[in-house]
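Colleague: I have just opened this one and would like a slow walk through it. Could you take my questions as they come?

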Amino acid sequence: MKIGLIGSGGREHAIAKTLCKDPQRDSLFVFGSHLNPGIQKIAEGSFLGDMHDLQKIDDFFTANGVELVVVGPEVPLISGVSDQLRPKGFKVVGPTKAQARLEGDKVFMRDLLRRRVKKGSLIWREVKDVASAQDFITEVGQVAVKPIGLTGGKGVWVMGVHFHTMEEALEKVEFALRQDGVVLLEERLIGEEFSRMAFVSDGKIAPMPVAQDFKYAFDGDQGGMTGGMGAYTMADGAMPFLNSEDLEQADSILQSTVDAIEAESGESYRGFLYGQFMATADGVRVIEYNVRLGDPEAINMMALLETNAVDLFGMIAEGALDESEVSFLSQASVVKYLVPASYPGSGNEHVEIDFNEKEIEKAGFSVIFASIAQKGQTMETLGSRALAIVGLGESVYNISEQIETLLEQIEPSTMRHRKDIGDENVIREKIQKMRSIRNEVF
């Protein structure tokens, strides 16, 4: 089958590897924003263009006889790429423009939860002036300040983390109001975040293993917010700080959200749904939704996926998903992104690095390329998360330690990563934190 893939980041490299396990059977054509060296090894054809340019995407896939299209990033989905391609006969893995409002419009998402889902939400308010914001903060206490549109995981400010006083909160509000004329305020939740993603097709969902993403730039959740420095999953597909009721609630909210967005849009949802949840003393709450696979979590999921991805994605696109046919390896996984030392700030975005992929594979790990480009015999970072090291095994703790041993030897001096992703002490602290929050006695 000729398969089209939109996007050229780490998520898309992970998807590409999974789709092209049988190059004799399947060939890949990629529409991306840059030439990802990992994807280039796999793809039969590539085209560089704007993720908003739906006609160029259409033309490229049409010219190459593509049958199935998998959409990686959010921008083309929010722009309506599925609406563009489906009427032309393409089988598309990705929701429609109306459904993509779940990610593209945070106020719409919150209102949908209030009107149709009726569970999993939190206290929130859409405000258009500083006085209303001050009233809400006075009423609720600590809050999160969220611009209403896309932020790439970097645009949210949390009271008690990024700022501490009412004056600082109102400064953040004023900044967001100058940009958008409106801002979303939410109560700050106390608990542990987790990612639960699902394959979705015509009202049916097939949940993936639970992952935990590390958003902050430095160890110990210090520094600015990033697109995600890495993630881990456990061998049982759950998290040791969650209980069975947490997962049941998260999956129930996901299913109800699919039902709600299908009813709201009048269309079948066919693609991925990413729920960012928080387990609290009062149950599971929705932090946000993404209408695509998360990055880095997609790297974990694609490494663990046992089911043939081409067959699976074809079923999703045709509305024929069968949850019983979706399986993942019973292994733990760890993904750690290497980034320029200045990330997420500026300073050394474009540096050349000499990276030996074969050495990493010899050590038992794999590499996912993201914001990086081939430059002769070396590679040049493009300013964001450059590449990820991926490990699978029985114990998340052992995988993390082994990756650290490897990176001590080979990590370029101009790069850095978070060492605490999958660290045993960090995870045990999370377990104790949730026990305390739940007032559990052991």
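Colleague: Before that, what sort of model is it, and how are residues numbered?

Modeller: This is a predicted model, in which local features need pLDDT of at least 70 and side-chain atom pairs count only at pLDDT 80 or more, while totals for chains, interfaces and linings use all residues. Residues are numbered from 1 along each chain as its sequence is written, and side-chain values use heavy atoms, with hydrogens and water left out.

Colleague: OK, how many residues are in the largest nonpolar core?

Modeller: The largest nonpolar core has 125 residues, a core being a set of buried Ala, Val, Leu, Ile, Met, Phe, Trp, Tyr and Cys residues joined through side-chain atoms within 4.5 Å. Buried means under 20% relative accessible area, exposed means over 50%, and partly exposed is in between, using a 1.4 Å probe and protein chains only. Those with the most contacts inside this core are Leu-19, Phe-61, Phe-199, Phe-313 and Ile-389.

Colleague: What does Ile-389 touch?

Modeller: Leaving aside residues up to four places away in sequence, Ile-389 touches a set that includes Val-334, Val-335, Leu-338, Phe-355, Ile-403 and Leu-407, and also Lys-336 and Ser-366; contact here means heavy atoms within 4.5 Å.

Colleague: Now the backbone: which peptide bond is cis?

Modeller: The bond from Tyr-343 to Pro-344 is cis, with omega near 5°, and Pro-344 sits in the loop between β18 (332-340) and β19 (352-353).

Colleague: What about phi of Lys-118?

Modeller: Phi of Lys-118 is near 65°, which is a positive value in a residue other than glycine. Lys-118 lies in the loop between α7 and β6 (124-127), and Lys-118 is exposed, with a relative accessible area of 63%.

Colleague: Last topic, how do α8 and α9 pack?

Modeller: Helix α8 (residues 130-140) and helix α9 (residues 166-180) pack at an angle of about 140°, with their axes 10 Å apart. That makes α8 oblique to α9, since angles under 35 degrees count as roughly parallel, over 145 as roughly antiparallel, 65 to 115 as roughly perpendicular and the rest as oblique. The axes are lines fitted to C-alpha atoms, for helices over the stretch in contact, and angles run from 0 to 180 degrees between N-to-C directions.

Colleague: Which residues meet there?

Modeller: Among them, Val-130, Ala-133 and Ile-137 belong to the α8 side, and Met-166, Leu-170 and Val-173 to the α9 side.

Key:
Helix = DSSP H or I, 4+ residues; strand = E, 2+ residues; numbered from the N terminus.
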